[in-house]
Amino acid sequence: MKSFNYTITDPVGIHARPAGLLVKEAKQYDSTITITRDGKSADAKKLMALMSLGVKQGDTVTVDVEGGDEETVAAKMEDFFKNNL
């Protein structure tokens, strides 16, 4: 499993638009991608689960990637977070 932490810089956090983009990105990969904040976790491929985390600007999330292509997927997800969140 590959993991990284990211502090959200988007002024409104992970709201509907960026959450939708994140789900779209995550669905491209076979690996399981899990986002965790304050002990609560959500599958990055499920929009409502992501929204239920209530991630706001300044919150740090942990992204876990597990699967056969986890090295590549973790790097791509980290780039996605840096560019969109």
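Reader: What makes E2 and E3 a hairpin, and which residue in the turn has a positive phi?

Author: In this predicted model, E2 and E3 form a hairpin with two residues between them, and Asp38 in the turn has a positive phi of about 50 degrees. Strands here are DSSP runs of E with at least two residues, and helices are runs of H or I with at least four, numbered from the N terminus. Residues are numbered from 1 along each chain as its sequence is written. Local features need pLDDT of at least 70, side-chain atom pairs count only at pLDDT 80 or more, totals for chains, interfaces and linings use all residues, and side-chain values use heavy atoms, without hydrogens and water.

Reader: How do you know that E2 pairs with E3 and with E4?

Author: Two strands pair if DSSP finds at least two bridges between them. E2 (residues 32–37) and E3 (residues 40–43) have four, in the antiparallel sense; E2 and E4 (residues 60–66) have five, also antiparallel.

Reader: Why is Asp38 called exposed?

Author: Exposed means over 50% relative accessible area, buried under 20%, and partly exposed in between (1.4 Å probe, protein chains only). Asp38 has 68% relative accessibility, so Asp38 counts as exposed.

Reader: Why is the pair of Tyr6 and Phe81 called edge-to-face?

Author: Rings of Phe, Tyr and Trp (its six-membered ring) pair if their centres lie within 6.5 Å; planes under 30 degrees apart count as stacked, over 60 as edge-to-face and the rest as tilted. Tyr6 and Phe81 lie 5.6 Å centre to centre with 70 degrees between the planes, hence an edge-to-face pair. Both Tyr6 and Phe81 are buried.
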